[in-house]
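Have it open while you read, and go through the points in order.

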Amino acid sequence: MPARRTDSAARPTRRRILFATGGVVLAASAGWGGNWLAAYKRHARSNVGTLGFRNRLRIPELLDPRASGGGARRYELELAPGSSEFLSGRKTATWGADGPYLAPTLRMRDGDPGALTVRNALPEPTTLHWHGMHLPPAMDGGPHQMVAPGAVWRPRWTVHQPASTLWYHPHPHGSTGSHVYRGIAGMIIVDDAASDRSGLPSAYGVDDIPLVLQDKNFHDDGALDFTESTFADTLAGVDSLGLLGDTILVNGTHDPHFEVTTERVRLRLLNGSNARVYELGFPGDRFAGGDDTFDLLELRAAPRLDPSPPLPTRIDGAPAAIPLPGTTTVRLAVRFDTLTDERIPYMYHCHVLRHEDDGMMGQFLVVAPGREDKVSRTLDAPGAHGGSHGSHR
């Protein structure tokens with residue numbers, strides 16, 4: 001990972017992680033060239049050289065409950081409004097789960113049954129979608145499984161997938177972007193026997209560090225700015241991506257540093273932004289944020305570091321690499337044959353949140369082999385649910 005090193009007699013050894021962003025390429029035409037060039041000049045953003053890395057990196061709370069009755073791990077989450085101070089002296093109205101902003105990290109194990117209680121104390125209906133989790137469609141938390149204000153949802157499933165880093169976030173149709181932007185997003189860490197043997201750093205918050213990356217725009221009073229594009233952007237034809245912020249938060253911390261105490265550190269990167277794509281090196285197009293350059297986090301090494309085991313050359317249980325040429329076309333086949341349901345669909349969508357809110361998404365049913373032609377292609381569209389129940393339909 002590229003890094004810059006800064007040495008100073010007044011400071012401990014420091015390393016900065018530098019992220020850039022990339023996106024699609026746009027071309028100007030004579031009809032709107034002047035406005036396009038003006039928009040182009042406005043869209044370069046950078047914070048390089050402006051941060052002092054004054055704030056200790058916040059580490060989201062870890063929920064890793066022991067198995068209780070029935071062998072299930074029980075997690076409780078309450079979604080509610082809050083207030084946060086990202087910029088010194090300025091309060092920001094935010095949303096969070098079990099706190100004013102963001103959500104706790106859920107730690108689960110392959111093979112363990114999980115039982116969750118989700119209480120919606122927000123002023124709007126919402127959902128929680130377990131992004132990347134292999135689970136029944138009734139527990140997926142899609143836009144057809146709304147939880148009304150004051151209602152409780154109790155999804156349950158058995159974890160059945162290898163070690164991975166996932167996340168969870170709201171998924172209400174038409175307002176996923178605003179709910180995530182206000183702050184509801186959290187990481188999920190799945191462990192298994194292979195990861196236990198891997199020797200990779202695994203002490204949460206010590207040498208296994210979650211980094212939730214988000215870009216925001218703020219008004220002068222500290223309030224979140226939800227503006228996605230200007231009228232000039234629309235005239236220039238460069239308003240299709242959605243919200244790109246000029247202020248970066250890491251775990252809800254602005255201008256952060258992390259104090260490293262071990263020889264090796266594992267960084268679990270989660271892009272919790274609405275539209276921005278983060279890359280290391282080689283910027284892409286300006287209108288997709290590709291010319292933007294941000295310092296995100298400073299890693300400060302302690303004078304003496306605790307030893308870490310050597311890194312494995314291959315993770316036990318990981319599939320073998322598939323060699324491919326850098327210019328070939330591939331086709332992927334994915335099996336959906338273990339969690340069937342003829343009434344409740346899964347969803348697929350673009351994860352630029354403005355795009356999915358504008359309708360770039362669809363649904364699909366997974367049915368048992370031989371049932372494909374016997375299942376209706378038309379499903380009822382239920383509204384928001386209230387009360388306490390095990391699943392929404």
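1. Start with Leu-324, which you will find in the loop between β20 (293-306) and β21 (341-349). (Helices and strands here are DSSP runs, H or I of at least four residues for helices and E of at least two for strands, numbered from the N terminus.) Leu-324 has a relative accessible area of 53%, so it counts as exposed; the scale is buried under 20%, exposed over 50% and partly exposed in between, with a 1.4 Å probe and protein chains only. Leu-324 belongs to a nonpolar surface patch together with Ile-322, Val-330, Leu-332, Val-334 and Phe-336, and the patch has about 690 Å² of accessible area in total. Patch members need over 30% relative accessible area and no salt bridge; like charges are joined within 9 Å, and nonpolar side chains (Val, Leu, Ile, Met, Phe, Trp, Tyr) within 5 Å. Areas come from the Shrake-Rupley method with a 1.4 Å probe, and for residues only the protein chains shown count as cover.

2. A word on what you are looking at. This is a predicted model, in which local features need pLDDT of at least 70 and side-chain atom pairs count only at pLDDT 80 or more, while totals for chains, interfaces and linings use all residues. Residues are numbered from 1 along each chain as its sequence is written, and side-chain values use heavy atoms, with hydrogens and water left out.

3. Now the salt bridges, meaning a side-chain nitrogen of Lys or Arg within 4 Å of a carboxyl oxygen of Asp or Glu. The whole structure has 15 of them. The set I would look at is a network linking Arg-107, Asp-191, Asp-208 and Arg-268. Asp-208 and Arg-107 have their closest N and O atoms 3.9 Å apart. Since Asp-208 is in strand β14 and Arg-107 in strand β7, this pair ties together parts that are 101 residues apart in sequence. Asp-208 also meets Arg-268 in a salt bridge, at 2.8 Å from N to O. That pair links distant parts of the chain too, with Arg-268 in strand β18 (residues 266-271) and Asp-208 in strand β14, 60 residues apart.

4. Asp-64 and Arg-73 form another salt bridge, with the closest N and O atoms 2.6 Å apart. Here Asp-64 is partly exposed at 39%, whereas Arg-73 is buried at 13%.

5. Strand β7 also takes part in an open, mixed sheet of 5 strands, in the order β4-β7-β13-β12-β9. β4 (62-63) and β9 (129-131) are at the edges with a single partner strand each, so one side of each has no neighbour in the sheet. Strands pair if DSSP finds at least two bridges between them. β7 and β13 (residues 186-191) run parallel and share 4 bridges, and Arg-107 stands opposite Ile-189 in β13.

6. Next, strand β8 (residues 113-120), where 6 of the 8 residues are buried. β8 pairs with β5 (residues 73-87) in the parallel sense over 7 bridges, with Glu-76 opposite Thr-117. β8 runs antiparallel to β11 (residues 156-158), with 3 bridges, and antiparallel to β10 (residues 152-153), with 2 bridges.

7. For aromatics, rings of Phe, Tyr and Trp (its six-membered ring) pair if their centres lie within 6.5 Å; planes under 30 degrees apart are stacked, over 60 edge-to-face and the rest tilted. The whole structure has 8 such pairs. Phe-86 and Phe-218 are tilted, because their planes are at 50 degrees, with ring centres 5.9 Å apart. Phe-86 is in strand β5 and Phe-218 in the loop between β14 (208-216) and α4 (231-236), 132 residues apart. Both are buried.

8. Last, backbone angles. Asn-251 has a positive phi, near 55 degrees, despite not being glycine. Asn-251 sits in the loop between β15 (247-250) and β16 (253-254) and is buried at 0%. Asp-98 also has a positive phi, about 60 degrees, but is partly exposed at 38%.
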